[in-house]
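This report describes one protein model in terms of its fold, its cores, its charged pairs and its surface.

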Amino acid sequence: MTFDSVERKINRVLFCTSPLQVINARTAMDYNGAKEHCNDVVVIIHPLLNENSKSMINDFAKKMNFDKVIDLSGLIKKHPNSYLNSPGLQALGKLKKWPNSDQTFFYKISNFKKIVLNRIHEYEELSKNIITLLQDEIGVIDEIFFRMKYANLDLLFINTQKKAIRYSIEDGFGDYIP
């Protein structure tokens, strides 16, 4: 009795925060191996990407023969008080605003334990949501590609794929401008 061996395609994922990464990731993926044995997916993760940038990512992904584009950028917007907040995310206008910095400092000191526990809980909740969404959409992820100078946002997604082989790609010179 013989069995036909059916090889599973390798799932390669780009955690994308800019259109240029699609081009750079395709180059790295092509260098690593033949496309025929791979399922290549772009996952848009940055909550501040505008519709024009997302459209460019989709267009580049199509031209570069990616199999799918998944937009998870809205996932972070649903958690506006997370540890991921930065001045850029504050621009979304969803954060609590205190009248002056003295109140913010006092609030943080007096509620330090609560703030830390909330952030840990939110990180765990976001991680579980990301794992579930990616598992449902892609399956087991074998390789991940992400920008070399990643931030907390990228790290949240990267850390959900503990068993995947990791590749960092250059994102251009924008990260190096003071």
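## Basis

A residue is called buried when its relative accessible area is under 20%, exposed when that value is over 50%, and partly exposed in between (1.4 Å probe, protein chains only). The model is predicted: local features need pLDDT of at least 70, side-chain atom pairs count only at pLDDT 80 or more, and totals for chains, interfaces and linings use all residues. Residues are numbered from 1 along each chain as its sequence is written, and side-chain values use heavy atoms, with hydrogens and water left out.

## Overall fold

The protein chain has seven helices and five strands. Helices (H or I, at least four residues) and strands (E, at least two) are DSSP runs numbered from the N terminus. Their order from that end is β-α-β-α-β-α-α-α-α-β-α-β.

Of the 178 residues in the protein chain, 36% are buried. A contact means heavy atoms within 4.5 Å. Among contacts between residues at least 6 apart in sequence, 72% join residues at least 24 apart.

## Nonpolar cores

A nonpolar core is a set of buried Ala, Val, Leu, Ile, Met, Phe, Trp, Tyr and Cys residues joined through side-chain atoms within 4.5 Å. The largest has 21 residues, of which V13, F15, V43, L134, I138, I144 and F157 touch the most other members. Elements that each supply at least two residues of this core are β1 (10-16), β2 (38-44), α3, α6, β4 (143-147) and α7 (152-158). Helix α7 gives the largest share, four residues. Apart from this core lies another, of 13 residues, including L14, I44, A61 and F145.

Leaving aside residues up to four places away in sequence, V43 touches V13, L14, F15, C16, I70, L72, L134 and I138.

## Salt bridges

A salt bridge is a side-chain nitrogen of Lys or Arg within 4 Å of a carboxyl oxygen of Asp or Glu. The count by this rule is eight. D40 pairs with R12, their closest N and O atoms being 2.7 Å apart. This pair links distant parts of the chain, with D40 in strand β2 and R12 in strand β1, 28 residues apart. D40 is buried at a relative accessible area of 0%, and R12 is buried at 1%.

In helix α2, E51 and K54 lie three residues apart, about one turn, and their side chains form a salt bridge at 3.8 Å, N to O. E51 is exposed at 59%, whereas K54 is buried at 8% relative accessibility. R147 and D154 form a further salt bridge, with closest N and O atoms 2.8 Å apart. R147 is buried at 11% and D154 is buried at 0%. Salt bridges that share partners join R12, R26, D30 and D40 into one network.

Helix α6 covers residues 112-137 and contains V116. Its buried residues are I115, E122, L126, S127, I130 and L134. V116 is partly exposed at 32% relative accessibility. Just after α6, G139 takes a positive phi of about 100 degrees.

N65 lies in the loop between α2 (51-63) and β3 (68-71). Its phi is near 60 degrees, a positive value in a residue other than glycine. Most residues other than glycine have a negative phi. N65 is exposed, at 53% relative accessibility.
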